[in-house]
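Subject: Structure handover

Hello,

Here is the structure I promised to pass on. Please look it over first, then read my notes below.

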Amino acid sequence: MPGNRPVRLFASCVILLLLAGCNPFSEVRPMMDEYVERVSRVLDTEPEYSRIPATDQMPRRRNRVLPMPELELSMLDFLSLYGCELQYVVGEKNSVMGKVMQPLNRLRYEVRFIRAAGDCLKTVENDELQEVLEKAISSKRETLPIAVWNATWGVEEVETLFTLAKGEYPITADDPLSDLARDVRQLNGSVAVLMEQDLEVDLGFWGDVHQRWQAEYRAGQLINSARLVTARLGDATGIIRQRLDSRPLCLNGKPNNQSDIVQSMFFSIYIEKVQPYLADLRRARTDLIKPLSELATMQADVMPDQFRVWYQSALALDGRESVWASLDAAVNTHTKAWQALLEQCGLRPGA
């Protein structure tokens, strides 16, 4: 009856939604679990899922922010008495708002101080003031890397970028990380200039970078995905090796019915589903994790110890503790296991 048409349409929509929700290849975690299940099924064994190693959170802000040395109060009072631009810079720092500066504003102050002190030094003739200015400039230049660190890795916004509470990197990410990647590359350029004590650098865009960090969580998702994929590839590799160590898939190198099923699953699931996601992870690592790693390594001299431990796991691209090196090793080992299995039947890819 015509009156039942809306009901039928609604029921059809519900069914389609349920079917979409049951698609294990729409999200990373069910896809990797399903992959292990499929490997075990075609090789006549039971799947075993290892525990996904816990990922360390980024150290808390109190363990990331470095204490910023101050000039002696008597020196600041002395400098505030003179009429060059430095007088106003020091006055702003001594104000109520100046005493609670956020890291980025503190970096801006440090740069302004050194510039203003240098300009002042060119004009004063008082020997005592010249000596005080030279000491102040030297002290501020020495502590500038601390201000740079606090304005990059010490800001609150970076915690959102690396939060682990937002799951894994999506299979079909809506945003391709281009804005985040561009931000970090531009930021790295500024930091490199500052670390060379060149103060002719634009700090105006840093606030926009921090705002984007606060609105995104892709770095944390990528780390979660690296841990998950590494574990599940290891599970699948273990299943394949178990078969390699027992009876061969094919006798005398001749394909059979089971090897056809195995090969079909290899292409339809691993090649068509899993490998494209692995390629996305590699691309995202290159675009975002690598420049973030560079942002940390160029400041290695002031990197806090707790952050260094976290960096070696989450950001370093190599090393025994690196999640990214572990992922590369898992992919390489898994590829070799598949090659050895299919080679028993003369079906090795690329042969």
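**Disulfides**

With the bonded cysteines of the chain numbered in sequence order, the pairing runs 1-2, 3-4. The model is predicted: local features need pLDDT of at least 70, side-chain atom pairs count only at pLDDT 80 or more, and totals for chains, interfaces and linings use all residues. Residues are numbered from 1 along each chain as its sequence is written, and side-chain values use heavy atoms, leaving out hydrogens and water.

A disulfide here is a pair of cysteine sulfur atoms within 2.5 Å. The count is two.

Cys84 bonds to Cys120, S to S 2.2 Å. This link is left-handed, with -75° about the S-S bond. Cys84 sits in the loop between α4 and α5 and Cys120 in helix α6, so the pair ties together parts 36 residues apart in sequence. (Helices are DSSP runs of H or I, at least four residues, numbered from the N terminus.) Both Cys84 and Cys120 are buried, meaning under 20% relative accessible area with a 1.4 Å probe, protein chains only.

Cys250 and Cys345 form a disulfide with sulfur atoms 1.9 Å apart. Its torsion about the S-S bond is about 95°, so this disulfide is right-handed. Cys250 lies in the loop between α11 and α12, and Cys345 in the segment after α14, 95 residues away. Both Cys250 and Cys345 are buried.

**Helix contact**

Val148, Ala151 and Thr152 in α7 meet Trp206, His210 and Trp213 in α10. Contact means heavy atoms within 4.5 Å.

Best wishes

Conventions:
Helix = DSSP H or I, 4+ residues; strand = E, 2+ residues; numbered from the N terminus. Buried < 20%, exposed > 50% of the residue type's maximum accessible area, 1.4 Å probe, protein only.
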